[in-house]
Amino acid sequence: MKKLNIVIFKFRLTQVCLLFLFYFTMAMGTTYAQSKPGSPPIPLELFLGHEQLNFQLIVKKKFAPESKLDLLVISVFSENWDKNDAIGNSVVIPFQFNYNIGKKGFAIAAGGEGNSVVGFSPLVGVEHSFASRKVLAITVLNYLINETQDLKLFGLYEYKPPINETWSFYSRVQFVYNYGFAENSHNRSFLYLRAGVKKGPLGFGLGANWDQYGPNRIAKDNFGVFTRWEF
């Protein structure tokens, strides 16, 4: 019983620390965006689904306009409406420093991932990114240095063509596939879809999340509406 209480305490402490880091990242990103006119936006998204509430904040910034070094932080908070259902409740914050190679969008990366369920893991990897007024594409392959030896593939792809002078169409495909080599099994995966409209920094529309957890691929679906703001 004492051991169980210690585990529960550590889990809750990790959640509190990661929640603090989530909101700190939010504040840091907003401050950075306001202090750097013309820099890429920092999108904050709220997704209200029938099963779950989700927040997501993405920060991708160069340290200087001509610098080869940039920072990528993706902060995600998920909480079920049903307090008796703990599957999917999490705070996950991967961050990495990218050193860009050449001018084709490729970079090598090193950083870490904070996870309220499994703790903190250092990581190394590679990234490719492309950005224009209509398209954003980020692909990341990471190896997490932890007990399960996770290989994680992440992709985020946005398409936002203009409808008229005021409005634009907004769509996004986002996925993760995480495979644990230590146990030779699936660890975590998801597919998130968004479709809606965008006016200036404001966007909103419909969304769908498909999540799978663990080697048995326990599934959780979440359908609803989203709104986002680009700081």
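1. L46 stands opposite T227 in β12. The two strands involved are β1, residues 43–49, and β12, residues 218–230, which pair in the antiparallel sense over 7 bridges. All of this is read from a predicted model.

2. A closed barrel of 12 strands runs β1-β2-β3-β4-β5-β6-β7-β8-β9-β10-β11-β12, and its pairing is antiparallel. From one strand to the next, the twist averages 20 degrees.

3. Strand β10 pairs with strand β11 (residues 202–213) over 12 bridges in the antiparallel sense. In this pairing, R188 has Y213 of β11 as its bridge partner. Y213 also has a bridge partner in β12, namely I218.

4. β11 and β12 are themselves joined by 12 bridges, again in the antiparallel sense. They form a hairpin, with 4 residues between the two strands. Within the turn, G214 has a positive phi of about 75 degrees.

5. S189 deserves a point of its own. This residue sits in strand β10, which covers residues 185–199. Is S189 buried or exposed? S189 counts as buried because its relative accessibility is 8%, and the cut-off for buried is under 20%. The side chain of S189 makes a polar contact of 2.8 Å with the side chain of H186. Leaving out residues up to four places away in sequence, S189 touches V176, Y177, W210, D211 and Q212.

6. Apart from neighbours within four places in sequence, V176 is in contact with K152, L153, F154, R188, S189 and F190. Of this group, F154 and F190 are members, together with V176, of the largest nonpolar core.

7. How many residues does the largest nonpolar core have? There are 11 residues in this core, among them I58, L72, I138, L156 and Y192. Two or more residues come from each of β3 (69–80), β7 (135–144), β8 (150–159) and β10. β3 gives the most, with 3 residues. A second, separate core has 9 residues, including L44, L71, V73 and F77. As background, nonpolar side chains in soluble globular proteins tend to be buried together.

8. A search of the whole structure finds 10 aromatic pairs. One of them is the stacked pair of F95 and F120, with 6.4 Å centre to centre and 25 degrees between the planes. F95 lies in strand β4 (residues 90–101) and F120 in strand β6 (residues 119–131), so the pair ties together parts that are 25 residues apart in sequence. F95 counts as partly exposed because its relative accessibility is 27%. F120, at 53%, counts as exposed.

9. The rings of F190 and Y192 form another stacked pair, at 4.0 Å centre to centre and 10 degrees between the planes. Both F190 and Y192 are buried, and both belong to the largest nonpolar core.

10. Which residues do ring pairs link into a cluster? The cluster consists of F63, F95, F97 and F120.

Methods:
Residues numbered from 1 in each chain as written. Predicted model: local features only at pLDDT ≥ 70, side-chain atom pairs only at ≥ 80, totals over all residues. Heavy atoms only, no water. Buried < 20%, exposed > 50% of the residue type's maximum accessible area, 1.4 Å probe, protein only. Polar contact = N/O pair within 3.5 Å; in protein donor to acceptor, adjacent residues only side chain to side chain. Contact = heavy atoms within 4.5 Å. Core = buried A, V, L, I, M, F, W, Y, C linked by side-chain atoms within 4.5 Å. Pairing = 2+ DSSP bridges. Axes fitted to C-alpha atoms, helices over the stretch in contact; angles between N-to-C directions. Phe/Tyr/Trp six-rings, centres within 6.5 Å; stacked < 30°, edge-to-face > 60°.
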